[in-house]
Amino acid sequence: MMSVGAFGDTEYTPAMPAIAQALHTPYNMVQLSMAAYLVSLSVSQLFFGPISDRYGRRPTMLAGAVILAGGALACAWSNSIWPLIGGRFIQGIGACAGGVIASACVRDVFPADERQAIYAKLNAAFAVAPAVGPMVGTYVASALGWRANFLVLTIVSGALLLTTWRWLPETLAKRVDPFSQPTRVLGAMRRVAATPGFLFFALLGGLCLGMAYTALIDAPDLVINVLGMGGGGIVVIAIVILVAVVIGDSLCAFLSPRINPWIIVGAALLVLVTGSALLFIVAARMNGHIDFVLYLAPIALCFVGVGLCLPVTTAKAMAPFGDRAGTASSLLGFVRMGVAALATLVMSVIHRGSAFDMPIMFLGLSVAGALMFATYRLAGTRHRGHDVDT
């Protein structure tokens with residue numbers, strides 16, 4: 001559930017230069033297909049959570065898998081850029097179900113003192129999938145063409161449908177009807193958003209996801225058009241991101257029972273800012289001659305920070321919510337994916353096809369996170385449900 005949507009995020013990214021060429025469109029227009037995907041992924045989460053609170057986690061997940069497969073097929077049949085962007089929009093609607101329902105199921109089943117470690121494991125699955133995606137996508141695009149990338153997503157979505165039908169039990173103990181009065185849905189979301197600390201943790205997680213998505217949509221152009229390398233370079237970047245995030249997740253799972261989570265978040269942001277600054281310095285000192293290995297090192301450092309930060313922000317954002325876990329998970333996904341969508345949109349606007357595109361985005365996102373953290377801590381905004389000192 002956590003992996004298939006995330007796999008679909010990036011499996012087609014190695015084919016982006018080929019898509020731009022085949023559909024006779026600029027590369028930054030193909031990047032917009034990711035922004036469209038993330039926008040629908042973000043907005044749809046406002047609905048999947050309440051729907052799962054009303055109808056249950058299992059049927060909601062089954063519906064999401066069907067929509068995900070339909071969107072992939074629409075992309076495969078596209079003959080111009082706008083139908084492809086529309087197909088990605090449909091994919092985003094279906095893909096959001098996995099993350100929303102998985103987070104809500106954890107909240108349904110596990111006691112509070114176990115959730116952070118469980119979220120760290122789920123986050124590892126979420127991180128592995130978009131890193132594996134470009135590896136698979138590179139081979140598929142080179143061997144079978146870019147349309148085959150979306151056929152692979154259709155097959156994987158079908159596998160999600162079958163495995164959900166076979167193995168996912170219903171975890172919701174008490175169903176509520178958030179749709180009996182529309183104002184109740186809005187009221188529930190307002191109460192979730194007003195919970196002290198919720199928006200802080202959600203926005204911080206969104207900045208981390210923004211770094212991941214901007215890296216993955218910039219990597220194909222960087223490797224193929226800027227550095228003049230083959231598709232294997234995309235695979236190398238994906239492996240580096242995968243290993244780095246898993247290291248960060250593992251560190252988070254190890255440190256969480258032993259260290260105050262505020263320290264973990266602060267350390268993660270320090271790692272992110274340091275890695276982003278080093279990446280910019282590397283790009284500036286290369287004078288147009290990029291050392292690929294040297295360029296990868298600060299990227300890896302950044303994604304260790306991402307892996308360290310995301311599980312803590314997820315656990316603390318979800319901590320206060322009981323039978324409204326679906327609604328809280330939806331709003332959390334809406335905010336985080338909305339921030340990531342905005343980041344990819346900015347990337348498509350500032351894209352110049354240079355080695356500075358990624359460092360500029362990384363610096364902006366990491367510094368914004370550090371400033372948020374400092375402001376929040378200095379303001380002393382505390383709440384028993386989010387106070388990580390307790």
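Reader: Which residue forms a salt bridge with arginine 57, with the closest N and O atoms 2.8 Å apart?

Author: That's aspartate 108. Keep in mind that this is a predicted model. Arginine 57 sits in helix α4 (residues 57-76) and aspartate 108 in helix α5 (residues 81-109), so the pair ties together parts that are 51 residues apart in sequence.

Reader: How many salt bridges does the structure hold?

Author: There are 2. In the other one, the side chain of arginine 57 meets that of aspartate 53, at 2.9 Å from N to O. Put together, Asp53, Arg57 and Asp108 make a linked network of salt bridges.

Reader: Is arginine 57 buried or exposed?

Author: To read that, check the relative accessible area: buried means under 20%. Arginine 57 is at 0%, so it counts as buried. Aspartate 53 is buried too, while aspartate 108 has 24% and is partly exposed.

Reader: What about nonpolar side chains: where do they tend to be in soluble globular proteins?

Author: The general idea is that they tend to be buried together. Here, the largest nonpolar core has 115 residues, and Ile19, Leu38, Phe150, Tyr295 and Phe303 touch the most other members. Helix α9 (residues 198-226) gives the most to this core, with 17 residues. Leaving out neighbours within four places in sequence, the contacts of isoleucine 19 include Leu84, Trp146 and Phe150.

Reader: And which residues make the nonpolar surface patch?

Author: Val39, Val43, Phe47 and Phe89 do, over about 340 Å². Helix α3 (residues 27-55) gives the most to the patch, with 3 residues. Take valine 43, which lies in helix α3: its relative accessible area is 37%, so it's partly exposed.

Note on methods
Residues are numbered from 1 along each chain as its sequence is written. This is a predicted model: local features need pLDDT of at least 70, side-chain atom pairs count only at pLDDT 80 or more; totals for chains, interfaces and linings use all residues. Side-chain values use heavy atoms; hydrogens and water are left out. Patches are made of residues with over 30% relative accessible area and no salt bridge: like charges are joined within 9 Å, nonpolar side chains (Val, Leu, Ile, Met, Phe, Trp, Tyr) within 5 Å. Accessible areas come from the Shrake-Rupley method with a 1.4 Å probe; for residues, only the protein chains shown count as cover. A salt bridge is a side-chain nitrogen of Lys or Arg within 4 Å of a carboxyl oxygen of Asp or Glu. Helices (H or I, at least four residues) and strands (E, at least two) are DSSP runs, numbered from the N terminus. Buried means under 20% relative accessible area, exposed over 50%, partly exposed in between (1.4 Å probe, protein chains only). A nonpolar core is a set of buried Ala, Val, Leu, Ile, Met, Phe, Trp, Tyr and Cys residues joined through side-chain atoms within 4.5 Å. Contact means heavy atoms within 4.5 Å.
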